[in-house]
Amino acid sequence: MNFSSKLLENAVNEFATLPGIGQKTALRLVLHLLNQPQADVVKFSSTLLQLKNEIRFCETCHNIADQKICEICSAVKREKSLICIVEDTRDVMAIENTGQYHGVYHVLGGLISPMDGIGPSDLNIDSLVERADRGDVLEVILALSATMEGDTTIFYLYKKLKDKGIQISAIARGIAFGGELEYVDEITLGRSIATRIPYENTLAK
């Protein structure tokens, strides 16, 4: 792609680094911003800078938050004895959109993947075990991707939690979501949580 301006080229190249954004789409976005009022562009850029500089992670569940403790963990009406374990914030948002889950979460920050050099120590697993050791957790729901990495992580977590006196459940696996919870429709995802089964039952098979 030929550019008449180095500044334009640099901006397009930066936008093209975003997931799912090719150079043509990046060019459209950059030209759109160029045609906006100065105040709107300043607001756009300052919002991104504020996000990067001020965003926090909940000290309890590791979800993205504005305060030390996220709104979900601090909500009085949430069932604190029920923890849904997910890979990242996108999964929290997907499950919240179902409107059928009223417990809290624990965001691992990834999945165990030896091929990618990601081991248990790279994830938020120790803090999960600490939550389980407090004695007020009755059930954990393993809501991870139906992939090799997801299954490896689930089995590792099961071994870490099975002697804690906590019910360990897994979401129904009869759903087709290609390994990504965020792509499941809300009704299907909600049902998969509602019809969760003890993880031991999946091992028996």
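Residues are numbered from 1 along each chain as its sequence is written. In this predicted model, local features need pLDDT of at least 70 and side-chain atom pairs count only at pLDDT 80 or more, while totals for chains, interfaces and linings use all residues; side-chain values use heavy atoms, with hydrogens and water left out.

Colleague: Let's start with helix α7: how far apart are its end C-alpha atoms?
Modeller: Helices here are DSSP runs of H or I with at least four residues, and strands are runs of E with at least two, numbered from the N terminus. Helix α7 covers residues 148–161, which is 14 residues. The expected span is 1.5 Å times one less than the number of residues. That gives 20 Å for α7, and the model agrees, because the end C-alpha atoms are separated by 20 Å.

Colleague: Which residues are buried in α7, and how wide an arc do they cover around the axis?
Modeller: Buried means under 20% relative accessible area, exposed means over 50%, and partly exposed is in between, using a 1.4 Å probe and protein chains only. In α7 the buried residues are G150, T153, I154, L157, Y158 and L161. An α-helix has 3.6 residues a turn, so residues three or four places apart point the same way. Taking directions from the helix axis to the C-beta atoms, these residues lie on the same side of α7, because their arc is only 140°.

Colleague: How many salt bridges does the structure hold?
Modeller: The rule is a side-chain nitrogen of Lys or Arg within 4 Å of a carboxyl oxygen of Asp or Glu. One of them joins D163 and K162 at 3.6 Å, N to O. D163 is exposed at 65% relative accessibility, whereas K162 is partly exposed at 39%. For the structure, the number of salt bridges is five.

Colleague: How many residues apart in sequence are the parts that E96 and R78 tie together?
Modeller: The side chains of E96 and R78 form a salt bridge with an N to O distance of 2.8 Å. E96 belongs to helix α5, and R78 to the loop between α4 (71–74) and β3 (79–86), so the parts joined are 18 residues apart in sequence.

Colleague: Of that pair, is R78 buried or exposed?
Modeller: E96 has 28% relative accessibility, so E96 counts as partly exposed. R78 has 15%, so R78 counts as buried.

Colleague: D133 also forms a salt bridge, but with which residue?
Modeller: D133 sits in helix α6 (residues 126–133), and its partner in the loop between α7 and β6 (167–170), so the pair ties together parts 31 residues apart in sequence. The closest N and O atoms are 2.7 Å apart, and the partner is K164.

Colleague: Which backbone oxygen lies 2.6 Å from a polar atom of the T98 side chain?
Modeller: T98 is in the loop between α5 (89–96) and β4 (103–107), and is buried, with a relative accessible area of 12%. A polar contact is a pair of N or O atoms within 3.5 Å; within protein, one must be able to donate a hydrogen and the other to accept it, and residues adjacent in sequence count only if both atoms are side-chain atoms. At 2.6 Å from the T98 side chain, the backbone oxygen is that of I95.

Colleague: How far apart are the C-alpha atoms of I72 and V104?
Modeller: I72 lies in helix α4 and is buried at 14% relative accessibility. I72 and V104 are 32 residues apart along the chain, and the C-alpha separation is 6.5 Å.

Colleague: Which residue other than glycine has a positive phi near 75°?
Modeller: Most residues other than glycine have a negative phi. The residue in question is in the loop between β1 (56–57) and β2 (64–65). With phi near 75°, the residue is H62.
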